[in-house]
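Biologist: Please take a close look at one part of this model, the aromatic side chains and how they pair. I would like a single connected account.

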Amino acid sequence: MDGMRGRKRIYLDLVLVIALVYIVLLTILYCSEAADSDAVIRTFGDAFWYSLVTLTTVGYGDMVPVTPLGHAVGVVFVLLSAGIMVTMFGAVVSF
């Protein structure tokens, strides 16, 4: 029984760390893009929408970052998309 509880705690901690990293990345994306006059991502909601579309690998292309830092955050979202989705799914299933 303790092993199951320990595994759930690890998943919970992992989800919390991923959520924190996600919020930090969203904030970086928003701050870097909102300051650029050519940017399409102007609000935190725009940054959130872009991140969801990127993380779910839908990639509509309606919003794209224009700053180098925004591009870097976009690359991180693309690389982490599978890991984040699988981890979140695993955490939900474990509970």
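Modeller: The model is a predicted one. It has 4 aromatic pairs. In one of them, the ring centres of Tyr22 and Phe48 lie 6.4 Å apart with the planes at 70°; this pair counts as edge-to-face because the angle is over 60 degrees. Tyr22 belongs to helix α1 and Phe48 to helix α2, which spans residues 44-55, so the pair ties together parts that are 26 residues apart in sequence. Tyr22 is buried, because its relative accessible area of 15% is under 20%. Phe48, at 38%, is partly exposed.

Another edge-to-face pair is made by Tyr30 and Phe44, with 6.0 Å from centre to centre and 75° between the planes. Here too distant parts of the chain are linked: Tyr30 is in helix α1, Phe44 is in helix α2, and the two are 14 residues apart. Tyr30 is partly exposed, with a relative accessible area of 30%, and Phe44 is partly exposed as well, with 39%. Ring pairs also join Tyr22, Phe48 and Phe77 into a cluster.

On the surface there is a nonpolar patch made of Val17, Val21, Val75, Val76, Leu79 and Leu80, with about 480 Å² of accessible area together. Helices α1 (2-34) and α3 (68-94) each give at least two residues to the patch, and the largest share, 4 residues, comes from α3. Leu80 is in helix α3 and is partly exposed, with a relative accessible area of 34%.

Conventions. Residues are numbered from 1 along each chain as its sequence is written. This is a predicted model: local features need pLDDT of at least 70, side-chain atom pairs count only at pLDDT 80 or more; totals for chains, interfaces and linings use all residues. Side-chain values use heavy atoms; hydrogens and water are left out. Patches are made of residues with over 30% relative accessible area and no salt bridge: like charges are joined within 9 Å, nonpolar side chains (Val, Leu, Ile, Met, Phe, Trp, Tyr) within 5 Å. Accessible areas come from the Shrake-Rupley method with a 1.4 Å probe; for residues, only the protein chains shown count as cover. A salt bridge is a side-chain nitrogen of Lys or Arg within 4 Å of a carboxyl oxygen of Asp or Glu. Buried means under 20% relative accessible area, exposed over 50%, partly exposed in between (1.4 Å probe, protein chains only). Rings of Phe, Tyr and Trp (its six-membered ring) pair if their centres lie within 6.5 Å; planes under 30 degrees apart count as stacked, over 60 as edge-to-face and the rest as tilted.
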